[in-house]
Amino acid sequence: QLASVSASALLSSQAAPAAGPMIVAHISVAAQDAGMTCLASNVPFLDEAQIGVRGFVFAGTEDGHVIAWRAATYDRWRTLDLGNGERDARVTAMACTSARWLWVGLATGRILVVDVGAESADDAPWMVCKAWQATDSAVASIHVDWTPLLTVRARLQVASVHANGSVYYWDGLLAMDWQYAELRRRTPSIARTRDVIVQINSWNIDAIKPEHLERTPEDRGFLRSWLGALGAHNEPDIIVVGLQEVVDLESKKMTAKSLWHNTTSKAKSKSRGGAGGADISKRYGLWRKALERALARGATFATSYRVVECQNMVGLFVCVFARDDVYRSVRDVDVAHVKTGMGGLHGNKGGIAVRLTLADTSLCFVNAHLAAGESASNNVARIAHCATITRGVSFRRPAAEHQAPATDRTRDPAADMSDAALDAFVDGGDGRVFLDHAACFFSGDLNFRLRVSRQQAERHLADGDLDGLLQHDQLLPMLATGAGAAVAGHGLPAAATAPAARLAPAAAPGPAQLRARSRSGSLSSLSSSDEEPDDSELEPAGAAGFALRNFHEMPIQFPPTYKYDPGTDRYDTSEKHRTPAWCDRVLFRGSLAPARARAQSPPEPRPALADHDPQGAITPLAYQRLECRQSDHRPIFAAFSVAVKDVDRDARARALADIRQQFAAQVAAEMTYLAKVMWLCRHTAGMGRAAALLAAAGGDLTDALRRHANPT
């Protein structure tokens, strides 16, 4: 137990309760580690030789960190940030189910399963292999029950006890996740893969209407140029148009109308004079019609496009189109809205997510508008908004292709794997959260700024030094493409109009986190600031504490898109004199091409078994800004080639039957053997002796106990 956060941590082993507690580690706790809440260790699962290589003591903290010390030398090894900037994300419970798997419970009610070990401490990947929201109540404790492994069912039960008195039981073997990952490995033999082109167009329109694009000759016909930026002969399969500030968010009158429109019913809006809501809805309708005209047959492309989904939220607007011949292959469309303004009450800031399945591959698109402002607290708010949006996205689970009979609702959960619709998702997900999808895109007015003064930025721009200016970008160091790579090129192939090489795996998260001082800032601040950015206050958040840390961005090879005087090519000349910035961005996360994934090290911090499914592999094609002077932002577009798959249902059924047999013979058998050894440890001196007894008894637990009682 932990006697004092300022003294020493004493961990009691469960290996030999009959002989009393055994101290396996004596660790000095530094002052900055104050606030430790719980302890766990994988030492009880290791023999004496393995402890020096793979043995760790884990400590959870108030700010959502897990600290690991080497059990043999007691030196601090690694820190993992599981909070990702989320409020009240303190670690409240931990337990090891084996030498490799650490279960972590948070005050938010989330449970995470972390892979904390490989064959040695130096190459341990520390992957968060599964995370889910068990309930809204804090996890008070986590208990591991090995008993079912010694029965015919051969299961490992993990129980989470919550502050509200509820208890949930989970599959400690993560059978479905293991089997899904193995099934994905076999995708090349059960599915046909093809590439589709996905185009994302994003623009903060500063409350203009489509008719404003007809004001000047150079802007006339702009929508066709923007949507057809890849060229008339390169017709995208999917086009996603995301607009921000469709209504004037700086207008108190309009903001009040939009807030009323989004918090009252249509009946109330009509009875109480909902003209404001009608005006807002008309704005969205005007833009939808303008986009449909631009994508009609012969307008921009030779073929026409159909609307898959069209949604709005206060100033946000997203419209997803599919080419006519692609439309019939689209299914499982769903939408989620996440508000981040006014502490989550108002949609002036936030995101709209659209999910769809194309063939047997899932895609998810988020159009976001994050907190504005140049101060350090504004940046903290943006980081918090990313976490709020990615975690707040909640979709319906797609309908099963073959529903289970009503009398068979208590069947093995793994039987749900017969639903081939779930092949579209990754990492054992079922499509209900953002990162369940094979290809994820996060775009919009993300509002990240530059950590330089206006004068410094102007000098870089005058010299044509975009790479030098990008060194001061707030967002890039937190992305997978920016971690450990030079900003110039961002570690990705240059964008082009022809397909580029497949992406390299994302770098593993580094140890950098936001300091507690930054965390204490106002997470809901939406105000602008005239203050000059202070580099000393802006910590390089790094990959570890950022919700989009595994996302990539194509190299930026165009000038900052914000902030212009509308109608001109001049950056802001108002009294605020804002520093130019790349506020408008397109980020993406997909699976990796198999050849590159095998050759690169370390891999992206996602489940290791999911390397060989090509679905969702993304090839960047183009990333550009276009010129339209009607707004204070310049519009951008990005194009990608995305691998999608068509599954052979019969081949899948055969593969799944084989995988289930493999799981029973390999994983379940190994864990059952470990359970027997752990049970024998209660009566022997340690793991080594218990393993020797079990081996001599041919795996028979009763015989092993008999041998221990009668050694002669």
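This briefing describes aromatic ring pairs and charge-over-ring contacts in a predicted model. Local features require pLDDT of at least 70 and side-chain atom pairs count only at pLDDT 80 or more, whereas totals for chains, interfaces and linings use all residues. Residues are numbered from 1 along each chain as its sequence is written, and side-chain values use heavy atoms, with hydrogens and water left out. Across the whole structure, a search finds 19 aromatic pairs. Rings of Phe, Tyr and Trp (its six-membered ring) pair if their centres lie within 6.5 Å; planes under 30 degrees apart count as stacked, over 60 as edge-to-face and the rest as tilted.

**Aromatic pairs and cluster**

- The ring centres of tryptophan 178 and phenylalanine 663 are 5.4 Å apart and their planes lie at 55 degrees, so this pair is tilted.
- The pair links distant parts of the chain, 485 residues apart: tryptophan 178 belongs to helix 2 (residues 175-185) and phenylalanine 663 to helix 14 (residues 649-681). Helices are DSSP runs (H or I, at least four residues), numbered from the N terminus.
- Phenylalanine 301 and tyrosine 305 also form a tilted pair, at 5.6 Å centre to centre and 50 degrees between the planes.
- Trp103, Trp132, Tyr168 and Trp170 are linked into a cluster by ring pairs.

**Burial**

- Both tryptophan 178 and phenylalanine 663 are buried (under 20% relative accessible area, with a 1.4 Å probe and protein chains only).
- Phenylalanine 301 is buried at a relative accessible area of 3%, and tyrosine 305 is buried at 9%.

**Charges over rings**

- The charged end of arginine 306 sits over the ring of tyrosine 327, 3.9 Å from its centre. For Arg, this term requires CZ within 6 Å of the ring centre and within 35 degrees of the ring normal.
- Arginine 634 places its charged end over the ring of tyrosine 564, 3.9 Å from the ring centre.

How values were computed:
Helices (H or I, at least four residues) and strands (E, at least two) are DSSP runs, numbered from the N terminus. Buried means under 20% relative accessible area, exposed over 50%, partly exposed in between (1.4 Å probe, protein chains only).
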